Amino acid sequence: WLSDRMGGLPTALLSSIMQCAAMSGFLFIQDVAGLFAIATAFGIGFSALIPAYVLTIRDHYPLTDAHWRVPTLLLFSGSGMATGGWLAGHLYDTYGYYVPAFATGVAFNIVNICILSILLVRQHTYKLAAAR
């Protein structure tokens, strides 16, 4: 619903911001109710991210390229998420607590937000130039 109104790229950015905020919250939460609230916010952000990426591909590339671009996106995004889960476990095993794992996740998410912001600014600049 949100992607249909805003577009895929702005939805991906908003979703990444929600995930980053939720992951930051995991660093400070101390009770079960807070854990469920933060996990819900993270899940909402996560549930919009992959569909937003697929919609971004649909918006920016011809339909004839979808047969290889969408599976490639899903391969790399899924591989990144799997690597993140493995890395979090490795960091926990190394340090004995979760703060380094969540801090690393927040750092990677900030990089993702920066990349999406640059792409969104470029898209907006391109649209402005095309309108002239």
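This is a predicted model: local features need pLDDT of at least 70, side-chain atom pairs count only at pLDDT 80 or more; totals for chains, interfaces and linings use all residues.
Author: Let's start with a word we'll need: a residue is buried when its relative accessible area is under 20%, exposed when that area is over 50%, and partly exposed in between (1.4 Å probe, protein chains only). Residues are numbered from 1 along each chain as its sequence is written, and side-chain values use heavy atoms, leaving out hydrogens and water.

Reader: How many helices and strands does the protein have?

Author: Helices (H or I, at least four residues) and strands (E, at least two) are DSSP runs, numbered from the N terminus. Here there are five helices and zero strands.

Reader: How do I read a pair of packed helices?

Author: You describe two packed helices by the angle between their axes and the distance between those axes. The axes are lines fitted to C-alpha atoms, for helices over the stretch in contact, and angles run from 0 to 180 degrees between N-to-C directions. For H4 (residues 66–95) and H5 (residues 99–131), the axes come within 8 Å and cross at roughly 145 degrees. At the contact, Leu 87, Ala 88, Leu 91 and Tyr 95 of H4 meet Pro 100, Ala 101, Thr 104 and Phe 108 of H5.

Reader: Which residues touch the most other members of the largest nonpolar core?

Author: In soluble globular proteins, nonpolar side chains tend to be buried together. A nonpolar core is a set of buried Ala, Val, Leu, Ile, Met, Phe, Trp, Tyr and Cys residues joined through side-chain atoms within 4.5 Å. The largest one here has 14 residues, and Ala 12, Tyr 53 and Leu 116 touch the most other members. Helix H2 (8–28), H3 and H5 are the elements that give two or more residues to this core. Not counting residues up to four places away in sequence, Leu 116 touches Leu 9, Ala 12, Leu 13, Ser 16 and Tyr 53.

Key. Contact means heavy atoms within 4.5 Å.
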